[in-house]
Amino acid sequence: GLAHAALRPHFLPRLLTPDHLPPRPVKVSIVIPVYNEKPTLAEVIRRVVAAPLPEGCEREVIVVNDGSTDGTDLALEECRRQYRAVMTCHVARNEG
C-alpha cells in the first residue's frame with residue numbers, strides 16, 4: 001500500500017502527479033458594485049447567476065452595496081438567500 005510506496009521513492013512522482021488528483025473547479029469571482037439599484041438588482045443578479053460558464057468553472061458573485069438608501073440592502077439580502085453563489089458586502093456610506 002501507500003506505506004510500502006513511501007519506502008520506495010520511485011513511486012512518489014507517480015503518486016503525486018495531477019492525473020491522480022481529483023480536478024478542482026476554477027472559481028470565477030464576479031464583483032458587482034451597487035448604489036440605489038433596488039428596481040434592477042434582482043434581474044441583474046438572476047442574469048449573472050444564469051450566465052453559462054465553461055466546464056470546470058464555478059462562480060461566486062460578490063455584490064458590494066455602496067451605501068444605498070433606497071432599500072437595495074433588503075433586496076440584496078433576498079437575492080443572497082435565493083442564490084447560493086451570492087455573497088454581500090454592505091458599506092454604511094457611499095464611497096463612490
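**The sheet and what packs on it**

A: In this predicted model, 3 strands form an open sheet in the order E1-E2-E3, with parallel pairing.

Q: Which strands stand at the edges?
A: Strand E1 (26–34) and strand E3 (86–91) do. Each has a single partner strand, so one side of each is left without a neighbour in the sheet.

Q: How many degrees are neighbouring strands turned against each other?
A: On average 20 degrees, with direction ignored.

Q: How many bridges join E1 to E2?
A: There are 9 bridges between E1 and strand E2, which covers residues 57–66, and the two run parallel. Within that pairing, Ile-30 stands opposite Val-61 in E2.

Q: Ok, helices. What does H3 touch?
A: Helix H3 (residues 38–50) packs on the sheet and touches E1, E2 and E3. The direction of H3 makes about 160 degrees with that of E2.

Q: And what about H4?
A: Helix H4 (residues 72–82) also packs on the sheet, touching E1, E2 and E3. For H4, the angle of about 160 degrees is with the direction of E3.

Q: Back to Val-61. Which strand does it lie in, again?
A: Val-61 lies in strand E2.

Q: Is Val-61 buried or exposed?
A: Val-61 is buried, because its relative accessible area is 0% and the cut-off for buried is under 20%.

Q: Which residues does Val-61 touch, leaving out those up to four places away in sequence?
A: Val-61 touches Ile-30, Ile-32, Val-48, Val-49, Ala-85, Val-86 and Met-87.

Q: What separates the C-alpha atoms of Val-61 and Val-31?
A: The separation is 6.0 Å, while the two residues are 30 residues apart along the chain.

Q: In general, what do strands of a sheet pair through?
A: Backbone hydrogen bonds, either parallel or antiparallel.

Methods: Residues numbered from 1 in each chain as written. Predicted model: local features only at pLDDT ≥ 70, side-chain atom pairs only at ≥ 80, totals over all residues. Heavy atoms only, no water. Pairing = 2+ DSSP bridges. Helix = DSSP H or I, 4+ residues; strand = E, 2+ residues; numbered from the N terminus. Axes fitted to C-alpha atoms, helices over the stretch in contact; angles between N-to-C directions. Contact = heavy atoms within 4.5 Å. Buried < 20%, exposed > 50% of the residue type's maximum accessible area, 1.4 Å probe, protein only.
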